[in-house]
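This briefing is meant to be read alongside the sequence and the coordinates. Please keep both in view while going through the points.

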Amino acid sequence: MLRWKQRLIALLVVVMLLAGSVVGLAAGTAKNVIFFIGDGMGLAQRTLLYYYLGHQPVMNQMDVVGLYTTHMADGYVTDSAASGTAMSTGIKTYDGAIGVDVEKQPVRTILEAAKAAGKATGLVATVRISHATPAAFAAHNESRDNYEAIMIDILENEVDVLFGGGKAICLPQELGGTRKDGRNLMNEFAARGYTIINTPSELGLATKFPVIGLFTPSDMTPEIDRDPVQEPSLAEMTRKAINLLAQDEDGFFLMVEGSQVDYACHDNDAARAAAEALALDYAVAEAMAFAAKNPDTLVIVAADHETGALAIGKQYQFDPLTLRRIRASYGQIARVVEETGDLVGTVKEYTGIELTEEEIARIENADSLARGITDVLNDRVGVIFGSGDHSATMLPITAHGAEAELFGGVYDNTDIPKKIAEAMGIEF
Ligand SMILES: [Zn+2]
C-alpha cells in the first residue's frame, strides 16, 4: 500500500511539473502581431471617435487597457520620431531620431528582431512610408528629415509588405520624383522581387509578398476628402497586408499607422480628426476579424503622442451630431470658399450649418479664412484645441488576443516593444 501511495505522489508531482512547464511556455504564444499606432491619437481623440460613431469603436472594446508615458531623452513633449523609436527599439532618444540612440548609433528594432526570428514583416501608413513612424521601425538615421537615406534603409531592410504614400522619394527627378542621387528605388524594389502596385484596384493583383504599393507622390489624401478610386482606405491596405503576411508559416509582425489624426489635430480640425480615427478603427476591425480566426494573434492599438491638447466640451456644450454632419476637412471647405467666393453657401453645403451674422463677421475678421472657419466650426461642435502642437499627456493602449494581458497597467512607451518581444517569444 505504501508503495502505491508513493507512486501516486510521484505521479502527481510529475503531472504538476508538466502543468507548470505548460504554463511557463504560455509566454510567447503570439505568432502574429498587428501593432496599430494612431499618430496624435490620445484619450480625447479616442473619446471623440466614440461620440462621432455613437457607440464604442472596436479599438475601445478590447480586453486589456493600459496607460503609458511618452517623454523623450531631451524633452517632455515628444515628436513622432523619438516616440516611434521608443516604441520600435525600447530606448529613449532625442527629438528627430530614427532608430538611433542619443549617440546616433543604430539600435535594433522590433521589426528587425521579428524578421531575424523568421517572421514576415509589414509597414502600412497613410503618410509617406519614409515618414517618422514607419521609418522608426525599418530605418536608422540621425534625422527624420533625411528621407532619401531613410527610404534606402527601408529598401535594404526588405520589409515584405509596404503600403502607403511617398512614391516621389523613390524616384529620380527626371521621372517626376524628388531624389537627388538619381536612383530609381522602384526599379530596385522590382529587382529584389517585389510586386509593384499603384492603384486600389491593383491591390487584388498581389498574391504573395514582397509587395510595395505607394499610392501618392507624398502623403495620402485626408480620409474625409479621399477619392476611393484613386487611393485605398487604411482598412483595405491593412486587410491586404494581413492576407499576404499570413502566408508565412512562422507568423508576422505588421505595424499599421493611422498617420493623419496628427495632421488633423495640428490643424485643429475636429471633423478630419474623427474621420481619421474612424478610418484607423475600420483597419483595427480587419485585424480583429483575422484574430478571431487566428487566436495566436496579438492586436495592439496605441499612439505616439497626443496632438492639439484636444478638450471635448466648451462651456458645458458638446454636439457630436454637428460633428457627424461635417463632410469635408476644414481646409477643403476654405479652399472651396476661396474658389467660389460663397462662404455661407459652402459652409451650409459641407456642414449643414447656417452661419449667423456674428459668425460671418468672425470668419471675415480672422487671421485667415481657414482659421476663421476652424474656430467657428469647433465652437459649434463644442471642442477646444489647446494648441497646434503635440502634448505630453499619457496615452491609452488597448490589446486583444495572444498575450494581451502583458499590456495592462501603467508603464512607459519604451516598454511596448519589450512586451511585444515577450509576447512573440523572440530575442530582442
Ligand atoms: Zn506623431
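Predicted model: local features only at pLDDT ≥ 70, side-chain atom pairs only at ≥ 80, totals over all residues.

**Domains and their contact**
- The domain assignment of the chain gives two parts, domain 1 (32–308 + 388–424) and domain 2 (320–381), and their centres, taken over C-alpha atoms, are separated by 32 Å.
- Where the two domains touch, 12 residues of domain 1 are in contact with 13 residues of domain 2.
- On the domain 1 side of this contact, α2 (43–53) and α10 (270–293) each supply at least two residues, and α10 gives the most, with 4 residues.
- The residues on that side of domain 1 divide into 7 nonpolar, 1 polar and 4 charged.

**Strand β3 and its partners**
- Strand β3 (residues 120–128) is largely enclosed by the rest of the structure, because 9 of its 9 residues are buried.
- With strand β7 (residues 252–258), β3 pairs in the parallel sense over 5 bridges, and A120 stands opposite F252 in β7.
- With strand β4 (residues 161–165), β3 pairs in the parallel sense over 4 bridges, and here R128 stands opposite G165 in β4.

**Helices α12 and α13**
- Helix α12 (residues 330–340) packs against helix α13 (residues 343–351) at an angle of about 145°, with the axes 9 Å apart, and the crossing of α12 and α13 is right-handed.
- In this contact I333, V336, V337 and T340 of α12 meet L343, T346, V347 and Y350 of α13, and the residues involved divide into 6 nonpolar, 2 polar and no charged.

Note on methods. Residues numbered from 1 in each chain as written. Axes fitted to C-alpha atoms, helices over the stretch in contact; angles between N-to-C directions. Left-handed = near helix turned anticlockwise from the far one by under 90°. Contact = placed C-beta atoms within 7 Å. Nonpolar A, V, L, I, M, F, W, Y, C, P; charged D, E, K, R; others polar. Buried ≥ 20, exposed ≤ 12 C-beta atoms within 10 Å, placed from the backbone. Pairing = 2+ DSSP bridges. Domains from an automatic or database assignment.
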